[in-house]
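Trainee: I'd like to learn how to read a fold by looking at it. Could you walk me through this one?

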Amino acid sequence: MEPPSKVSLPEKKWQMREADATVYMNFMKSHCCYDAIPTSCKLVIFDTKLQVKKAFFALVANGLRAAPLWDSKLQKFVGMLTITDFINILHCYYKSPMVQMYELESHKIETWRGDSFQNVYLKFPGPFLISISPNASLFEAIYSLLKYKIHRLPVIDPQSGNVLHILTHKRILKFLHIFGKRVPKPAFIRRQIQELGIGTFRNIATVQQTATLHDALSIFVERRVSALPVVDNHGKVVALYSRFDVINLAAQKTYNNLDITMQEAVRRRTCYVEGVIKCYPDETLETIIDRIVKAEVLTPFCPSTRGWRVPIPALLPVQASVLAVLSGRYY
C-alpha cells in the first residue's frame with residue numbers, strides 16, 4: 001500500500017494552475033517560425049534607392065503595411081519601411097496646404113533614413129534590423145516582438161539571407177487558433193478580459209472631430225497608438241481613425257492638406273475602418289482572440305458598455321493578448 005501524498009490540497013491546486021498556465025507557452029516553444037509561414041503570401045522588398053513616395057504608393061497598391069529594405073551596396077537587409085514612417089514624414093515636414101513637402105516628393109529611402117541630423121526616423125532609432133531565423137521557436141519570436149515593441153518581425157534564412165516572411169502578432173494568433181486546438185485550453189482563456197487586466201482602460205488617446213488631421217498625426221507619433229477614437233463635443237465616439245487610414249492618403253494623393261478636420265477626414269475615407277473591431281470587457285479572452293483572427297485586425301476597440309462613450313472605451317493591443325495567453329500571468 002502506497003503512503004498517502006504529503007502534498008496539501010492548496011499546493012496541488014497551485015501546481016495544477018501552474019501547469020494550466022504553461023500550456024500555450026510550451027506549445028509555442030515546440031513550434032518554429034517556419035511552421036507559422038503560410039503556403040502562399042505576398043512579400044514586397046524595396047531597394048533603398050527607391051523614392052520614398054513611390055515606396056508608399058507601392059505599399060498601398062499591394063495592400064501591405066510594411067516592406068523590408070535592401071541595401072544594394074551593403075548587400076543585406078537594413079530595415080523596414082512601415083506606415084509609421086509615412087506618418088513621421090507627414091508629421092515632421094508638413095507646413096500648410098500651400099507648401100509642398102519636397103522631402104516626400106524627392107527623397108530616396110537611403111537619403112531619408114541615412115545619417116542626416118534631419119532624419120525623422122532617428123526619433124525611434126534602431127542600430128540593426130531585428131529579425132529571426134525560421135528555425136527559432138515561436139516563443140522566441142513573441143519575446144522579440146514584445147521586447148522591442150515592434151509589430152513585424154522578418155524571418156530571414158541564415159543560409160541564403162533571403163526574407164521568407166514577415167511574422168506578426170496576427171499571424172501567431174492565427175497559428176495558435178488553428179493548431180492550438182490540439183492542446184487542452186487553459187482556464188484563463190475563458191475568463192473575461194477585464195478580469196485579466198488586458199487592454200488600456202485609462203488615459204485613452206482620442207481626437208476631437210473638430211481637430212485637424214495633422215493633430216491626429218501628432219497623437220499617433222507621441223502616443224504610438226494603432227487607432228484613435230474620434231469623439232464629438234460630448235465625448236461620444238463617432239468614428240475610429242487608424243494608422244492604415246493614413247497610408248490611404250498616399251493612394252488618394254490628399255496628403256498635401258492636413259488642415260482638414262477629422263470629421264472631414266473620416267468622411268473622405270473611401271473604405272471601412274481597416275484594422276479596428278469592437279469587443280467588450282465582459283467577453284472572454286477566447287472570444288476576443290477568435291474575433292481578432294477571423295477579422296484579421298490589429299486593434300480591437302473595447303467599450304466597457306454596449307454604448308460608445310469616452311473615457312469608458314479602451315484600446316486592446318493584440319500583443320497584450322498574446323502575452324496573456326503565453327506567459328500564464330492571468331489565471
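Mentor: Let's start with strand S2 (residues 66–71), where five of the six residues are buried, so S2 is largely enclosed by the rest of the structure. Buried means under 20% relative accessible area, exposed over 50%, and partly exposed in between, with a 1.4 Å probe and protein chains only. Keep in mind that this is a predicted model: local features need pLDDT of at least 70, side-chain atom pairs count only at pLDDT 80 or more, and totals for chains, interfaces and linings use all residues. Residues are numbered from 1 along each chain as its sequence is written, and side-chain values use heavy atoms, leaving out hydrogens and water.

Trainee: Which strand is joined to S2, and by how many bridges?

Mentor: In general, strands of a sheet pair through backbone hydrogen bonds, either parallel or antiparallel. Here strand S1 (residues 46–47) runs parallel to S2, joined by two bridges; DSSP has to find at least two bridges for strands to count as paired. Phe-46 sits opposite Leu-69 in S2.

Trainee: What is the strand order in the open sheet of three strands?

Mentor: The order is S6-S7-S8, with mixed pairing. Strands S6 (207–208) and S8 (237–242) are at the edges with a single partner strand each, so one side of each has no neighbour in the sheet. Strand S7 (residues 227–231) pairs with S8 in the antiparallel sense over five bridges, and Leu-228 has Tyr-241 in S8 as its bridge partner. Helix H10 (residues 213–223) packs on this sheet and touches S6, S7 and S8, its direction making about 140° with that of S7. Contact means heavy atoms within 4.5 Å.

Trainee: And how do I describe two helices packed together?

Mentor: Two packed helices are described by the angle between their axes and the distance between the axes. Take helix H7 (residues 138–147) and helix H8 (residues 169–179): they pack at about 150°, with axes 11 Å apart. The axes are lines fitted to C-alpha atoms over the stretch in contact, and angles run from 0 to 180 degrees between N-to-C directions.

Trainee: Which residues of H7 and H8 meet?

Mentor: Leu-138, Ile-142 and Leu-145 from H7 meet His-169, Ile-172 and Phe-175 from H8. By class, that contact has five nonpolar residues, one polar and no charged ones.

Trainee: How many helices and strands does the protein have?

Mentor: It has 14 helices and 11 strands, taken as DSSP runs of at least four residues (H or I) and at least two (E), numbered from the N terminus. Of its 331 residues, 48% count as buried.

Notes: Ala, Val, Leu, Ile, Met, Phe, Trp, Tyr, Cys and Pro count as nonpolar, Asp, Glu, Lys and Arg as charged, and the others, Gly among them, as polar.
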